[in-house]
Each structure stands twice: as structure tokens, then as C-alpha cells.
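Please read the following points with the sequence and the model open beside you. They are meant for a reader meeting this structure for the first time.

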Amino acid sequence: MRVIQIGLGFWGNGWSGVIVNSPWTELVALVDLNEQTLNTVGDSVGLPHDRRFTSLAEALSNVEADAALIVVPPEAHEAVALEALEAGLHCMIEKPFAPTLSSSNRIVEKAEQAGRYIMVTQSFRFRRGPRTVKRLIEEGAVGKIETIYGRFRKAPPFTGFRTEMEEPLIVDMAIHHFDYIRGIFGVEPDWVRARSYNPSWTWYKGNASAFVEFETNDGTMISYTGSWVSRRPHTTWDGAWEIHGTHASILWDENRVLLYPHGNIIGETVFKARTLEMSDDILEVTLDPVEEEERLGTVKEFVTAVKANKLPETHGKDNLRSLGLVLAAVESTKRGGEKIDFNQFYNTHILKGGVLQ
């Protein structure tokens with residue numbers, strides 16, 4: 001697939017190497033407003049100077065392409081995506097989808113009108129840990145999920161726009177974990193409640209730590225705590241998760257997946273495919289192999305889905321609800337931890353907005 005990449009900042013720089021090295025794509029053009037950045041990244045991936053442009057319009061008039069990879073700041077996602085779709089390109093868009101549900105929905109509607117596909121690059125879904133947990137849940141190993149505990153702890157030395165954001169942890173990081181709740185655990189929350197804060201040692205202006213609760217109408221409860229200014233011990237980027245169901249529990253932590261059957265111990269532990277029995281009737285689950293992982297997995301999913309004329313796993317319309325959970329959590333923090341009716345919030349803001357900050 002011939003790809004034009006728009007946006008070459010910190011994360012965009014890394015993306016250009018992914019597109020160049022992926023067996024699924026050909027990088028046909030780079031676009032960035034900053035000519036110095038454009039040439040630095042262009043040189044690093046060996047792209048000829050006549051394939052480097054300071055506007056998407058200029059790139060479109062000079063190269064043939066099938067898709068756009070959009071890695072500009074979120075507030076510019078809508079304008080760039082609409083321009084790319086108008087030109088007949090499929091689009092991969094970095095998370096978060098766009099600053100509001102309404103602007104994200106306009107991109108989805110435009111893609112449907114144009115007969116093109118939109119995929120939000122929720123790259124964390126395409127790792128061995130989450131793919132293994134997703135398979136176990138879909139196979140019924142856990143039964144009906146009733147309780148989930150999630151924990152995330154990191155202290156990355158970010159500078160720049162993240163340190164200026166109002167809710168950096170919820171908006172820029174927890175989108176991955178909230179997307180796990182829907183895309184990996186298969187739970188669709190109906191209620192959201194959140195509080196955010198900073199410890200004294202923070203280097204963020206906005207709140208970089210949060211407590212978030214989700215609840216479904218049938219009683220599934222989810223507790224999530226996260227911090228980007230955490231003291232040690234830290235978790236992996238995936239976080240640490242306990243998933244408790246009617247049949248078994250899963251502990252997923254440090255790229256290790258353990259299954260704890262509640263009943264029928266003999267039937268579960270004598271032999272279960274892709275597991276090793278440990279002491280106390282605990283089954284260690286071998287992580288599923290993944291041909292292409294993380295961002296490469298995202299690219300593979302996108303290209304193969306488009307070629308098969310089907311929606312990719314993290315297509316735009318699906319991602320609206322993951323973005324909605326982020327926005328609802330932010331709204332709850334503004335209301336002092338008020339419990340938010342998610343479906344009401346979603347249906348209201350899909351039309352009028354609700355801004356990521």
C-alpha cells in the first residue's frame with residue numbers, strides 16, 4: 001500500500017521508520033510544515049527530496065497514493081483526514097482520534113460517504129499479552145466478567161505539550177487502557193466516574209494521576225488507577241490487570257498471563273492447551289505468537305482489512321466509544337468525580353463536541 005505520512009514530530013519520526021520497514025507498505029511521500037524536520041526525517045529514511053512536501057495538497061498533486069498516515073497534533077486530525085478522504089485515500093490516524101466526539105464522527109461520516117476506511121492506530125491492541133487475554137476471554141475461559149482491577153504506573157520524563165495538558169494521563173495514555181476494556185476484555189461501560197490529582201513531585205501542569213471507575217448496567221465493575229509520575233515499582237506500559245469472572249480469574253502482569261480456575265479444578269488443570277500447570281492449581285498461559293506486533297501489527301491489520309474490503313479491528317466508528325470513555329472521564333474530573341451516564345454523554349457529545357485538554 002502506497003502511503004503518504006503527514007506529521008513528523010517525535011512520534012511521527014518513529015512512524016516513518018515503521019512504514020519504510022513494513023512489508024505491507026511503501027512510503028511515497030512525507031509531509032510536515034517544518035522544513036528542517038521534513039529533511040531530517042526524509043534523510044533518515046532515505047526518501048528523495050522530490051517526495052518531501054510542506055502540505056498534503058502539494059503531495060497529492062505530485063505522487064500516487066492509496067492511504068494517508070496522520071500523525072499531526074490531534075486538533076488538526078479532522079482537517080487533514082477530511083482532505084485525505086476527499087482525495088480518495090484511506091486513513092490511519094494516531095490516537096486520540098480527534099479532540100471531540102463530534103469532530104471524530106465527522107471523519108467517520110466522510111469516510112463512509114467516500115467509501116474509504118478509517119483506522120485509529122490503537123497499537124497496544126496488537127501485542128502478545130493483550131491478544132492472549134482476548135483469546136482466553138473469547139474462548140470462555142473466564143466466564144462472565146464481573147470485576148476488573150487495572151493498575152498503571154510509569155514516570156516517563158516527558159517535556160513539551162504533554163506537560164501542559166490539563167489531563168495528560170487520562171487523555172494521552174489511558175486511552176490505550178480504556179480501549180483494552182472494550183477491545184480486549186469485551187466490556188462496554190455504561191457509567192464513568194473519575195478523580196485526578198498530582199503528587200508534590202509532579203513536573204506536569206495538569207493532573208498526571210487518576211482514579212477511574214467504570215460500571216455496566218448488568219453490574220460489572222472496573223477499577224483503574226494510573227499515574228505518569230509514579231514512584232517505583234512501575235508496571236509495564238500495558239499495565240497490570242486482574243480479571244475476575246464466574247468461572248476463572250486472569251492475572252495479566254509483566255507480560256505474564258496466569259489463569260486461576262474457580263471450579264472443576266481437575267478438568268482445568270490435567271491439561272489445557274497452551275498452558276503449563278503450576279503450584280496451587282495455577283495455569284501459566286503461553287503468550288500467543290503475533291506475526292507483526294504493536295505499530296507493525298496496526299499496519300498489517302489496516303492493509304489486510306482494506307485489501308479484503310472489510311473494517312479493520314480498530315476502525316473509526318468503533319474507536320468513537322473508546323474516545324468517549326476518555327472524554328467522559330475528563331468530564332467527571334471537572335465535576336469533582338460525579339458519576340457520568342456514559343450513553344447519555346456519548347449521544348449528546350457525538351453531535352456537539354466535548355474537548356480533549
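1. Buried here means under 20% relative accessible area, exposed means over 50%, and partly exposed lies in between, with a 1.4 Å probe and protein chains only. Helices (H or I, at least four residues) and strands (E, at least two) are DSSP runs, numbered from the N terminus. This is a predicted model, in which local features need pLDDT of at least 70 and side-chain atom pairs count only at pLDDT 80 or more, whereas totals for chains, interfaces and linings use all residues. Residues are numbered from 1 along each chain as its sequence is written, and side-chain values use heavy atoms, with hydrogens and water left out.

2. Helix α9 is mostly covered, since 10 of its 14 residues are buried, including R295, G297, F302 and V306. The buried residues of α9 pack against α1, β4, β5 and β6, where contact means heavy atoms within 4.5 Å. The expected span of a helix is 1.5 Å times one less than its number of residues; for α9 (residues 294–307) this gives 20 Å, and the end C-alpha atoms are 20 Å apart, which agrees. After α9 comes N309, with a positive phi near 60°.

3. A nonpolar core is a set of buried Ala, Val, Leu, Ile, Met, Phe, Trp, Tyr and Cys residues joined through side-chain atoms within 4.5 Å. The largest one has 82 residues, and I4, F178, F185 and I250 have the most contacts inside it. Helix α7 (residues 168–183) supplies the largest share of this core, nine residues. Leaving aside neighbours within four places in sequence, F178 touches residues that include V212, F214, Y224 and L325. Another core, of 22 residues, lies apart from it, with L38, A67, M92 and Y117 among its members.

4. A salt bridge is a side-chain nitrogen of Lys or Arg within 4 Å of a carboxyl oxygen of Asp or Glu, and a search of the whole structure finds 31 of them. In one of these, the closest N and O atoms of R182 and D318 are 3.0 Å apart; the pair links helix α7 to helix α10 (residues 316–334), across 136 residues. R182 is buried, at 8% relative accessible area, and D318 is also buried, at 19%.

5. E188 forms a salt bridge with R321, at 3.7 Å between the closest N and O atoms, and E188 is partly exposed, with a relative accessible area of 36%.
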